[in-house]
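Subject: Structure handover

Hello,

Here is the structure I promised you. Please open it beside this email and follow along.

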Amino acid sequence: MDLKLLWTIQLAPLAAFILIVFAPKFLRKFAPLLAIGLALTAAIAALKLLILHGNGSSLPMEYTHAWLEVSKQKLW
């Protein structure tokens with residue numbers, strides 16, 4: 001999977017929040033544009049990830065195993 005896209009999806013809204021909260025007073029008038037822009041960036045990254053891996057065939061396989069096995073016998 002594209003890890004850069006995953007990081008973008010997760011961190012773009014957080015970056016918008018941090019930039020808006022810590023922006024000086026004279027830059028606060030651009031806060032809505034910043035929020036919309038970074039939310040749009042996250043949405044575009046999510047859409048690109050959906051297009052690239054929408055069918056699931058190129059995703060890695062997931063293997064699971066029991067991490068704590070107390071007994072081989074069934075409890076019920």
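A helix here is a DSSP run of H or I with at least four residues, and helices are numbered from the N terminus. Ala46 is found in helix H2 by that rule. One caution before the findings: this is a predicted model.

Overall picture

The protein has 2 helices and 0 strands. It has 76 residues, and 13% of them count as buried. Take the contacts between residues at least 6 apart in sequence: 61% of them join residues at least 24 apart.

Helix H1

H1 covers residues 3-21, which makes 19 residues. From first C-alpha to last it reaches 27 Å, close to the 27 Å expected at 1.5 Å a residue. There is a kink, though. It is about 35° and lies at Leu11, shortly before the proline Pro13.

Which residues of H1 are buried? They are Leu5, Ala12 and Ala16. The buried residues of H1 pack against helix H2, residues 31-53.

Leu11 has a relative accessible area of 38%, so it counts as partly exposed. Leu11 also belongs to a nonpolar surface patch, together with Leu3, Leu6, Trp7, Leu14, Phe17, Ile18, Val21 and Phe22. The accessible area of the patch is about 920 Å².

Helix H2

Start with Leu49, which has its place in H2. Is Leu49 buried or exposed? Leu49 is buried, because its relative accessible area is 12% and the cut-off for buried is under 20%.

What does Leu49 touch, leaving aside neighbours within four places in sequence? Its contacts are Asp2, Leu5, Leu6, Ile9 and Gly54. Leu5 is among the buried residues of H1, and Leu6 is part of the nonpolar patch. Leu49 and Ile9 are 40 residues apart along the chain, and their C-alpha atoms are separated by 9.7 Å.

Now back to Ala46. Its relative accessible area is 33%, so Ala46 is partly exposed. Ala46 lies 37 residues from Ile9 along the chain, with 6.4 Å between the two C-alpha atoms.

Best wishes

Technical notes
Residues are numbered from 1 along each chain as its sequence is written. This is a predicted model: local features need pLDDT of at least 70, side-chain atom pairs count only at pLDDT 80 or more; totals for chains, interfaces and linings use all residues. Side-chain values use heavy atoms; hydrogens and water are left out. The expected span of a helix is 1.5 Å times one less than its number of residues. The bend at a residue is the angle between axes fitted to the seven residues ending there and the seven starting there. Buried means under 20% relative accessible area, exposed over 50%, partly exposed in between (1.4 Å probe, protein chains only). Contact means heavy atoms within 4.5 Å. Patches are made of residues with over 30% relative accessible area and no salt bridge: like charges are joined within 9 Å, nonpolar side chains (Val, Leu, Ile, Met, Phe, Trp, Tyr) within 5 Å. Accessible areas come from the Shrake-Rupley method with a 1.4 Å probe; for residues, only the protein chains shown count as cover. A salt bridge is a side-chain nitrogen of Lys or Arg within 4 Å of a carboxyl oxygen of Asp or Glu.
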